[in-house]
Amino acid sequence: MFAEVMVDLKTKEIQSSYDYIIPSDLEGFLKLGMRVVVPFGNMTRVGLITKIKSESLAATKAIIEPFDMEPIVDKELFHLINYLEEEAMIPSVLAYHKVIPDALSVEYQKVIRVMKRDGLKEPLKSLLIDDVVVFKKTWRKYSSAFQKAVSSGSIEIDEAIDQKRSIQTENYYLKTTKVPQTQKQQALWLYLNEPKRIEDILDSGYSKQMVQTLVKMGSISIQKQEKMVVFKPTYAEDSKALTREQKEAVLAIKESLLKYERFLLKGVSASGKTEVFLQLCMELSKKRKQAMIITLDTALIEQLRLYLNPFLSVAVIDPEDTLQSRLDSYRAAQTGYVDVLITTPSGIFTPFKSLGIIIADEAQDPSYIDYAKTIHGLDMLQERARYNNIPLVYASATPPVQLYYDATLGKLRLIELNEKVYQTKDQLQIVDMKKELENGNLSMLSKPLYDAINRSLKDNKQALILANRNGFAPYVLCRSCGHVPTCERCDTTLTYFENKRRLKCPHCGYQMKYEPKCMACGSDKVRPVGMGIEQVEVQMKRTFPLAKIARLDSETTSKKGVYQATINAFKAKKIDILIGTQMISKGHDFDIPVVGILLIDSMLKAPSYLANERCYQLIKQTMGRAGRKQAGVSIVQTYQTDHFVLKSLEDEIGFYEQELNRRQIAHYPPYYQLLSIVFKGNSLDQAERAATKLKQQIISRYSQYEVVGPSESDIKTFKLMIKTGKRQDLKHWIQSIKQYYDKENLSVRFYRYDDIV
Ligand SMILES: Nc1ncnc2c1ncn2[C@@H]1O[C@H](COP(=O)(O)OP(=O)(O)OP(=O)(O)O)[C@@H](O)[C@H]1O
Ligand SMILES: [Zn+2]
């Protein structure tokens, strides 16, 4: 027998799988989805078995040994990998890379063994103090010394595979056939008629000492089993009486628990969607089925966990956690040990033993689309729900336009929660900043917002301010020559960060030190222009000097734990005014009377067909943080009071209808599908020529496609955007010409979820 092995999954250069002979003693043991150790050139590498077959013309080398005892990639994951290759047009190595978690990746090390210590000379003599040492990267400069030592036989160098994290085990205690003497001992012995962990034994009132004695006597045996790390149910809370709408929602979804169906749970902010999740998960837990809930970040994971944990066992996979902790939770889901797994869109590929429901919370959030814009988490979840024949619930106060549209077509079932649990009042006020200026108010705070915050502080209450723009100012400008510093890698205008005195590229992360001297003309008349969140903070501190003010954005939360701590402090009312970017807008169950929404005008002008939708959702989500347990007011400051997004903040249907209409006219989703084809060459010229040529080919071959571009989109990169009603045949055709570009040394990538227009 032969195996196709995808060698060294995490190395992008190795793009294909290779055939290996399966040694006869491993036949039957090795299965699809297991990792194996194989010879590769003169190295030893780990690879994944992607196929087992009876014939191979290419195989010359044999698999050395298994690396896993059971498959780490199951049938469903293979299906998803296939889906990624076919539908998202992702190269297969990358698809494997996406699906297999980092916690399971390996590293390769060189291990040096000292054979003859006397033969060692400096610097090796002092580097190799122990007899077995792992080679350090910094020792590369001594390569020739190491080579000499090898040829003289003083040292040997081996290659070792280092698994970054491994599955943890722990001891379980079980009775043997040997009956102990005393009555007390016999009680313990009988209690251990099935394997138990020491914690559980102690909890049941037996002593550690007695366990040890019986082990010595041979009445108890010790077994090693996989250690399961989950949050066990605390039973610390009583269940709530559901509202009428919650009851109806639970009932509707419960009816189709054991089949594939999509639901849109559209519930206004604070309508108690989480309670609906809890009820569904509890129902499934009775049927020994698991639930996967996706939310956005550490604080929201924790908020959800605290809500569910009194009733259910919960595991979480948070990209902020350690590899080991992520692996533990991964195994808890995979082995069926836990009721609920809560994770972020990064965890959507986690395998389950018996998945019963998928809930995509905050389904409107852009982070469901991966950074590269190749994978849409909601599409992957739909594929998983279909594969497992289970319901998928999208939950949101502001559903994506696409899902709203699908619901109107009857492709998914709409369930609405229109009332807030506590039926508190909320109020919206849109302030025209042009008028504020006319009335002589030059500050960034409008009179109504200033008054509202002031009142709240006087009442010992809080305020939340959205300022969704990083840095101190969006750019700096030389007032002498007009120069604006841009990124030397991708030409994007650099954002100015005053606290760190740096200029940073919002697109690629490039950064440089800020000098108040113009790089073009040397003048010292360089000034920040426009407003960012750092500046909002400075001005708020000046306006409300006695208030405790905190800021939440990518800068302040770069250190682990700060985000969660700040959210907790705000909930505990240790902060008076919290200023934040979009990270404060979604899902947090705050109890505040005032929300201020600033700096949204530039968002409405973003070059994305999703700009209106994103801005609408962001404002509505932020508004939803007030008026939960107490009445609340949201104040939106804008220069564009006539914009339909702002006009329809209290007319939901109006928003969706106008936006749909606009998209239909401009040929955007959901009416048209988009596909970006991006060429990256050795030069801008080469990329542009290829893009132009492909555009002509497409137009002459497929008259039904609209092709926009080519346009320069990055360094040495040109992009075509295709709009189409149907994408299928185009995909195969492009795949077939792809080899041609490979020969020309041009990389061609496809992006299905590119929204930049
Ligand atoms: N049936 C109920 N009885 C009493 N309190 C409830 C009930 N259901 C939910 N709550 C409480 O109402 C508050 C709001 O619920 P939840 O956070 O689930 O709202 P949500 O719909 O998810 O809002 P958002 O869209 O803003 O995230 C929570 O504090 C929750 O504990
Ligand atoms: Zn850049």
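A polar contact is a pair of N or O atoms within 3.5 Å; within protein, one must be able to donate a hydrogen and the other to accept it, and residues adjacent in sequence count only if both atoms are side-chain atoms. One such contact, of 2.8 Å, joins the side chains of T344 and S346. This is a predicted model, in which local features need pLDDT of at least 70, side-chain atom pairs count only at pLDDT 80 or more, and totals for chains, interfaces and linings use all residues. Residues are numbered from 1 along each chain as its sequence is written, chains are lettered from A and ligands numbered from 1 in the order in which they are written, and side-chain values use heavy atoms, with hydrogens and water left out.

**Domain layout**

- The protein is divided into domain 1 (2-104), domain 2 (106-163), domain 3 (169-226), domain 4 (244-417), domain 5 (426-469 + 531-663) and domain 6 (673-751); these bounds come from an automatic or database domain assignment.
- Taken over C-alpha atoms, the centres of domain 3 and domain 6 are 67 Å apart.
- UniProt, in an unreviewed entry, places the feature "domain: Helicase ATP-binding" at residues 254-417; such annotations may be inferred rather than shown by experiment.
- Residues 254-417 are 36% helix and 23% strand, with 16 Å between the end C-alpha atoms. Helices (H or I, at least four residues) and strands (E, at least two) are DSSP runs, numbered from the N terminus.

**Ligand 1**

- The shell around ligand 1 holds 22 residues, and the closest are A241, K273, T274, D589 and R628; a residue is near a molecule if one of its heavy atoms lies within 4 Å of it.
- Domain 4 and domain 5 both give residues to this shell, so ligand 1 lies between them.
- Helix α9 (residues 273-286) gives the most to the shell, with three residues.
- By class, the shell has seven nonpolar, seven polar and eight charged residues. Asp, Glu, Lys and Arg count as charged, Ala, Val, Leu, Ile, Met, Phe, Trp, Tyr, Cys and Pro as nonpolar, and the others, Gly among them, as polar.
- A polar backbone atom of A241 is 2.9 Å from a nitrogen atom of ligand 1, and a backbone N or O atom of G272 is 3.1 Å from an oxygen atom of the ligand.
- The side chain of K273 places an N or O atom 2.7 Å from an oxygen atom of ligand 1.
- Taken alone, ligand 1 exposes 640 Å², and the protein buries 90% of that. Accessible areas come from the Shrake-Rupley method with a 1.4 Å probe.

**Annotated cysteines**

- The UniProt annotation "binding site", from an unreviewed entry, covers C487, C490, C505 and C508.
- These residues are spread over 22 residues of sequence but cluster in space, with a largest C-alpha distance of 8.5 Å.
- C487 is in the loop between β20 (475-478) and β21 (495-497).
- C487 counts as buried, because its relative accessibility is 3%; buried means under 20% relative accessible area, exposed over 50%, and partly exposed in between (1.4 Å probe, protein chains only).

**Other positions**

- M282 is found in helix α9 and counts as partly exposed at 25% relative accessibility.
- The C-alpha atoms of M282 and D339 are separated by 8.5 Å, although the residues are 57 apart along the chain.
- T344 is in the loop between β14 (340-343) and β15 (355-360) and is buried, with a relative accessible area of 4%.
- E419 lies in the loop between β17 (413-417) and β18 (426-432) and is partly exposed, at 44% relative accessibility.
- E419 and T243 are 176 residues apart along the chain, and their C-alpha atoms are separated by 9.2 Å.
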